[in-house]
Amino acid sequence: MLPLRAVFRGQRVVLRAPRVSDAPRIVEIRSRSRAFLEPWVPVPAPDEFDIDLARARILRDRRDIRADRHYRFCMTVGEEGPVIGRVALTQVFRGIFQNAYLGYWVDVEHHGQGFTTEGVKLALDVAFREIGLHRVQAAIMPQNAASLAVARKCGLRQEGCAARYIQIAGAWQDHLLFAVTAEDWQAAAR
């Protein structure tokens, strides 16, 4: 299990558990990035745009980390820099599966600068080295070129296509399915 104070440092970004004090910043960047993210993410929950609800969500996120259910990290520029996005390993399954689902988003102002790729690589390293998962999966809409590029740069392989997989913008959207295993990750590190 990861301690809530764990910090994972990359070259430019850091992943860490969310803090209640992050709520105003998360609401700010989700509000600013709403139109940018709208074609790619499910209908946002109210806690993404209300500071009090965001604080409650962060407390749930922290409980989920302690319970080994979901790991929703804040991505920051450096250790003391502002939150610029989130990278999540959700729906952690243990037992014979040892799997989680990968999701990520970045502030529109930081899009296209390599921060998301670095954050996802950090999260995968945490998944396999710290959390002890065997497999991480992601589902990405075929039209989302930026997210597809991140997945491929991070070593996820395309495994198939799921028709009408997730509801986005009021319609069931096809998604390409990607995955990476601990063995893949170790081999790529050599």
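This is a predicted model: local features need pLDDT of at least 70, side-chain atom pairs count only at pLDDT 80 or more; totals for chains, interfaces and linings use all residues.
Residues are numbered from 1 along each chain as its sequence is written, and side-chain values use heavy atoms, without hydrogens and water.

**Helix α3**
- Helices (H or I, at least four residues) and strands (E, at least two) are DSSP runs, numbered from the N terminus.
- Ala 54, Ile 58, Asp 61, Asp 64 and Ile 65 of α3 are buried, meaning under 20% relative accessible area with a 1.4 Å probe, protein chains only.
- They cover an arc of only 120 degrees around the axis, so they sit on the same side of α3. The arc uses directions from the helix axis to the C-beta atoms.
- After α3 comes Asp 68, with a positive phi near 60 degrees.

**Aromatic rings**
- The whole structure holds four aromatic pairs. Rings of Phe, Tyr and Trp (its six-membered ring) pair if their centres lie within 6.5 Å; planes under 30 degrees apart are stacked, over 60 edge-to-face, the rest tilted.
- Phe 128 and Trp 185 form a tilted pair, 6.1 Å centre to centre with 40 degrees between the planes.
- Phe 128 lies in helix α4 (residues 115-130) and Trp 185 in helix α6 (residues 182-189), 57 residues apart.
- Both Phe 128 and Trp 185 are buried.
- Ring pairs also join Phe 8, Tyr 71 and Phe 73 into a cluster.

How values were computed:
Buried means under 20% relative accessible area, exposed over 50%, partly exposed in between (1.4 Å probe, protein chains only).
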